[in-house]
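Come along and check each entry against the picture.

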Amino acid sequence: MTNPKACLILAHGAGAACDSPYMIALAEALGAHNIKAQRFNFRYMQQSIESGRKRPPEKMTLLQQDFLEQINIVNSGTPLFIGGKSMGGRVASMLNLSEVPKVRAIFAFGYPFHPPGKNSWRTEHFARLTAPLYIIQGERDPFGKRTELAGLSWPDVRIHWLATADHDFKPTKASKLQQQQLIYQAAAYCNGVIDEILLASK
């Protein structure tokens, strides 16, 4: 991609690396909208790949450091957005971006509102976000279903729902949809938001 309209630094979830089929499909779907998805592995994941042994995610502060390193090496000439799948989106949302004004917005693809089956919410920091957060969430996501989030809202958070989708944007068989279609829907929504932000900044 020689002249992308935007760059989106895209972090992986807790259990799969940046070259997982989901991450590749999402990056390709974003690329179809002229958005460069810059994928990377958190340090613990890279070490896991190199050693051949599974490792749990590191502490949030270390994950944040890894993400900030990626932001710092990006070409500042292209409008910059950040985000990720599940844990990756959560890490992005917890960064203090007041000192990184070049980041326009955050995208979370399947936000882990709480562990499945547990009433332990990960939304406390939503009240002090330093950039707008756009969440693309499956209606059946066990980390935060539509029914659980009904009536909840935060000033700088927008949630876009994908019908019949789970945490990996896989639909029900009855819907006759394919996961790829829902990933493309997520990318199309992301593209629309980016277009609005870029237009407003002109």
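**Ground rules**

I noted that this is a predicted model, where local features need pLDDT of at least 70, side-chain atom pairs count only at pLDDT 80 or more, and totals for chains, interfaces and linings use all residues. Residues are numbered from 1 along each chain as its sequence is written, and side-chain values use heavy atoms, with hydrogens and water left out.

**Entry 1: cysteines**

I reminded myself that a disulfide is a covalent bond between the sulfur atoms of two cysteines. My cut-off was a pair of cysteine sulfur atoms within 2.5 Å. How many disulfides turn up in a search of the whole structure? I found zero. Cys7 is in no disulfide, as its nearest cysteine sulfur belongs to Cys190 and is 11 Å away. For Cys18, the closest cysteine sulfur is that of Cys7, and 14 Å is too far for a bond.

I also looked up how covered these two are. I call a residue buried under 20% relative accessible area, exposed over 50%, and partly exposed in between, using a 1.4 Å probe on protein chains only. Cys7 comes out buried at 5%, and Cys18 is buried too, at 12%.

**Entry 2: the largest pocket**

Rolling a probe the size of a water molecule over the atoms shows where empty space is left. I searched a 1 Å grid over the protein atoms alone; a pocket is an open set of points with protein on both sides within 12 Å along at least five of seven lines, whereas a cavity is a set where a 1.4 Å probe fits but cannot get out. Points are joined across faces, edges and corners, and the volume is the space filled by probe spheres set on them.

The largest pocket holds about 370 Å³ of space. I counted 21 residues in its lining (those with an atom within 4 Å of a point). Which of them lie nearest the centre? They are Gly13, Ala14, Gly15, Ser86 and Met87.

Helices α3 (60-72) and α4 (87-93) each give at least two residues to the pocket lining. I sorted the lining into nine nonpolar, six polar and six charged residues. In that sorting, Ala, Val, Leu, Ile, Met, Phe, Trp, Tyr, Cys and Pro are nonpolar, Asp, Glu, Lys and Arg are charged, and the others, Gly among them, are polar.

**Entry 3: Gln137**

I found Gln137 in strand β5 (residues 133-138). Is Gln137 buried or exposed? It is buried, at 0% relative accessibility.

Next I looked for polar contacts, meaning N or O pairs within 3.5 Å; within protein, one atom must be able to donate a hydrogen and the other to accept it, and residues adjacent in sequence count only if both atoms are side-chain atoms. The side chain of Gln137 makes one with the side chain of Asp141, at 3.3 Å. A polar atom of the Gln137 side chain also lies 3.1 Å from the backbone oxygen of Gly144. Leaving out residues up to four places away in sequence, Gln137 touches a list including Tyr111, Phe143 and Trp161.

In helix α1 (residues 21-31), I listed Tyr22, Met23, Ala25, Leu26, Ala27, Ala29 and Leu30 as buried. Their cover includes strands β1 (6-11), β2 (35-40), β3 (80-85) and β4 (103-109), along with α6.

I then moved to helix α6 (residues 179-200), where Val193 sits. Val193 is buried at 5% and, beyond its neighbours within four places in sequence, is in contact with Phe107 and Tyr134. Not counting residues up to four places away, Asn191 touches Lys5, His33 and Ile35.

**Entry 4: positive phi**

Where does Asn34 lie? I found Asn34 in the loop between α1 and β2. Its phi is near 65 degrees, a positive value in a residue other than glycine, and Asn34 is partly exposed at 29%. Thr164, not a glycine either, has a positive phi of about 65 degrees and lies in the loop between β6 (157-162) and α6.

Notes: Helix = DSSP H or I, 4+ residues; strand = E, 2+ residues; numbered from the N terminus. Contact = heavy atoms within 4.5 Å.
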